[in-house]
Amino acid sequence: MTHADDLSELERTRIMAKAALFAPPPQVLADGRRELVGLSREEMAAALAEIGEKPFRIKQLWHWIYHQGATDFSAMSSLSRPLQERLAERFVIGRPDTAVVQTSDDDTRKFLFRFRDGQEAETVYIPDRREDRGAVCLSSQVGCTLSCRFCHTGTQRLARNLGAAEIVGQFMAARDSYGEWPSPQGETPRLLSTIVLMGMGEPLYNYENVAKAMRIVMDGEGIALSRRRITLSTSGVVPMMDRAGAELGVGLAVSLHAVTDALRDEIVPLNRKYPIAELLAACRRYPAASNARRITFEYVMLRGVNDSEAEARELVRLIAGIPAKVNLIPFNPWPGSAYLPSKREQLMRFAQIVMDAGFASPIRMPRGQDILAACGQLRTESRR
Ligand code: SAH
Ligand code: SF4
């Protein structure tokens with residue numbers, strides 16, 4: 001181990017310790033029954049052992065919970081009636097409460113989910129207009145410790161981290177809302193087929209719970225999403241990017257938004273800790289960064305702030321050699337926000353320069369703006 005490795009390990013330990021201060025409450029109901037959603041396979045085995053069941057039962061239970069979407073033990077026809085009853089005495093298979101659902105004119109659907117302790121977070125389903133599929137945008141925290149200037153979530157202090165049960169629960173409840181579980185005829189769900197960790201919060205400041213949740217959704221006997229269908233967006237928590245790459249290998253999106261440290265320090269304050277050069281070095285190390293699995297650089301287009309042609313040229317110089325695409329996000333305003341979206345011509349000129357340098361530069365069309373469901377518009381009233 002080099003000195004630098006030791007330092008990042010220390011830094012990771014510090015980040016994990018801070019995350020633990022904002023840990024979610026245990027998933028136990030007032031009557032003492034425990035939540036099964038969000039347990040790892042090992043934890044589920046231990047829970048079953050408590051009622052004298054052998055580990056092989058997990059396979060069946062896991063299938064019912066995560067493949068079929070069952071929430072009621074009595075529907076689990078492959079389990080004997082007495083076992084169903086014993087399970088129901090000790091455990092539940094829950095979902096967060098849906099406090100509000102809104103569907104946008106463009107079919108984007110936003111959920112406000114309420115968890116057992118009353119904390120709330122938002123989840124957005126974004127259907128693909130051309131195909132019958134779409135992405136579920138999950139929150140990882142209630143609020144955020146960072147305060148990126150252009151982000152509505154950034155105006156809400158961190159209330160707490162979401163647990164694995166709550167992260168997977170958002171996805172499962174969204175599937176419930178579309179009846180998207182396999183039919184008895186065996187048809188597989190298609191609509192809710194990808195996950196983006198781009199909702200409220202910084203996923204790499206809640207790494208343990210996010211990682212646990214992603215392992216559950218990737219498990220081949222349950223929801224079985226491939227890592228190619230999952231993208232984690234970070235504002236640039238460098239030491240945790242290495243861990244996520246090594247352990248999860250999901251797609252990575254990086255919120256770059258500026259090409260000089262002076263500007264990025266101001267609009268993405270985390271840059272003061274992990275400046276652009278370190279961030280890009282971590283991107284170059286990221287294992288999934290091959291041509292098949294490019295890193296996405298997110299760049300919110302703020303009028304007159306970061307959208308000049310000179311900045312576009314600097315951007316492509318900075319990321320040269322990284323298998324990447326650049327997702328240009330028109331700024332989405334929210335009540336009290338201080339920026340304007342770039343003018344359309346400016347956006348096009350910027351995109352052209354990036355494209356001419358050989359990077360795909362899709363413009364992320366705002367979705368669900370009418371219901372404040374677009375990027376950076378999520379916020380709840382929850383407080384610590
Ligand atoms: N905390 C993570 C993930 C959540 S934000 C992160 O920052 O990457 C998902 C994306 O939306 C990020 O790129 C974020 O910078 C961007 N974003 C935030 N506020 C926005 C706004 N008002 N308009 C457009 N994009 C915004
Ligand atoms: Fe937090 Fe991401 Fe919003 Fe920044 S952009 S405040 S990191 S949620």
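The structure is a predicted model, in which local features need pLDDT of at least 70 and side-chain atom pairs count only at pLDDT 80 or more, while totals for chains, interfaces and linings use all residues. Residues are numbered from 1 along each chain as its sequence is written, and side-chain values use heavy atoms, with hydrogens and water left out.

Two packed helices are described by the angle between their axes and the distance between the axes. Here, the axes of helix 2 (residues 41-50) and helix 3 (residues 57-67) come within 10 Å and cross at roughly 115°. Helices are DSSP runs of H or I with at least four residues, and axes are lines fitted to C-alpha atoms over the stretch in contact, with angles from 0 to 180 degrees between N-to-C directions. In contact (heavy atoms within 4.5 Å), Arg41, Met44, Ala45 and Leu48 of helix 2 meet Arg57, Ile58, Leu61, Trp62, Ile65 and Tyr66 of helix 3.

Turning to the ligand, 20 residues surround ligand 1, and the closest are Phe150, Gly201, Ser233, Ser255 and His257; a residue counts if one of its heavy atoms lies within 4 Å. Oxygen atoms of ligand 1 are found 2.7 Å from a side-chain N or O atom of Ser233, 2.6 Å from one of His257 and 3.2 Å from one of Glu298.

Technical notes: Chains are lettered from A and ligands numbered from 1 in the order in which they are written. Helices (H or I, at least four residues) and strands (E, at least two) are DSSP runs, numbered from the N terminus. A polar contact is a pair of N or O atoms within 3.5 Å; within protein, one must be able to donate a hydrogen and the other to accept it, and residues adjacent in sequence count only if both atoms are side-chain atoms.
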